[in-house]
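Student: Please show me the protein, and then we can go through it one question at a time.

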Amino acid sequence: MWFRMRRRTRYSLLLMLAMMVALAVILVLRKTAPPEAARLLPESDAIVYASLKPLRLATHFDRTQVTRSPDYQHFVDATGIVPERDLDSVAFALHRMDDAKGPNGPVGYSEVFEGRFDGERLARYLATIATAKENYAGRDIFTIAVGDGKETRPFRVAQLEYDTIAASNMPTPEQIHSIIDRHRSAASPFAGSSLLSAQYRDVPPFSSAWAIGHIGLPFSDRGYVSILGLRLPMPEDTTFVASLRFLGALHLRIEEIASTDADAARATETLTSLLVVLKTVEHTQAEMHPNNSSDASFLDVMNSAKVEQHKDRAVLTANIPLDLVKMLATPSSEANHD
């Protein structure tokens, strides 16, 4: 009798230990898994994600008085949604368009927003401006025609949960249907697009904002990456992993993934030369405007920036002052009236 009781107790302890180990594994997988908003996105050429909570905490941009356009103000009044206050995280899928001169331009977007929303008020508002409504897998999809009147494109919106909204401006409903389908299996830490599965492991831990894939896609210029009119020495389909995380200061890291170590070495050399030119420009700007805080902040970024080669990768790193983040997060009076 005593021996059997000891054996049952041992089995009970082993079963409890196994359950605790299984729970620990699940928690670790959930912790290291991509954010749910990103896992919901459809197949795409690039993904951009940002958690707005740290930015809101650091800059208090939600407390800034914003002058809104009439249409924007009508949206806020009708839905009760104040994006700078209510959005917690955003995820964007970037889709290369076959016709760069079409209504979407070279890039289409699918989005997932997480935050605090009044679903009933949002649905009533969307119903007043929608040109069509579809029910797919138990979710209402509102289609809104956007554009200048001469050439319009559909913008589809669906509420997945009380705290999650999906949208897409792609020509067909395939992408927003995919988001709704993925929402059913979003609890799995292994869910997500093929791009997310292949590249998310390269995103540094604790990154509050990151981007993976062909990040130059929105800046394509005749097959190359062009930013602010400056053509970078890389084709538009170059794969990047970019991240922002707080390490005492806000740390920017951008990795270009090259085909070979030799290609990475050439990219590192070219980007280093380009960085020298940019630093010279920023030093000149700072000397011309010694009392301009933004020029001083950008100069701090340039001074901290460096490019290194890590095997098949060219890696740019820089520190971004919080003062610059606050300035960029605070809308100017001119921007508010545009």
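Student: In which strand is S168 found?
Tutor: This is a predicted model, in which local features need pLDDT of at least 70, side-chain atom pairs count only at pLDDT 80 or more, and totals for chains, interfaces and linings use all residues. Residues are numbered from 1 along each chain as its sequence is written, and side-chain values use heavy atoms, with hydrogens and water left out. Strands are DSSP runs of E with at least two residues, numbered from the N terminus. The run at residues 164-168 includes S168, and its name is β7.

Student: Is S168 buried or exposed?
Tutor: Buried means under 20% relative accessible area and exposed over 50%, with partly exposed in between (1.4 Å probe, protein chains only). S168 has a relative accessible area of 2%, so S168 is buried.

Student: With which side chain does the side chain of S168 make a polar contact?
Tutor: A polar contact is a pair of N or O atoms within 3.5 Å; within protein, one must be able to donate a hydrogen and the other to accept it, and residues adjacent in sequence count only if both atoms are side-chain atoms. At 3.1 Å, the partner of the S168 side chain is the side chain of S110.

Student: Which are the edge strands of the open sheet of 12 strands?
Tutor: Two strands pair if DSSP finds at least two bridges between them. The order is β4-β5-β6-β7-β3-β2-β1-β8-β12-β13-β15-β14, with antiparallel pairing. Each edge strand pairs on one side only, and the two are β4 (132-136) and β14 (306-310).

Key. Helix = DSSP H or I, 4+ residues; strand = E, 2+ residues; numbered from the N terminus.
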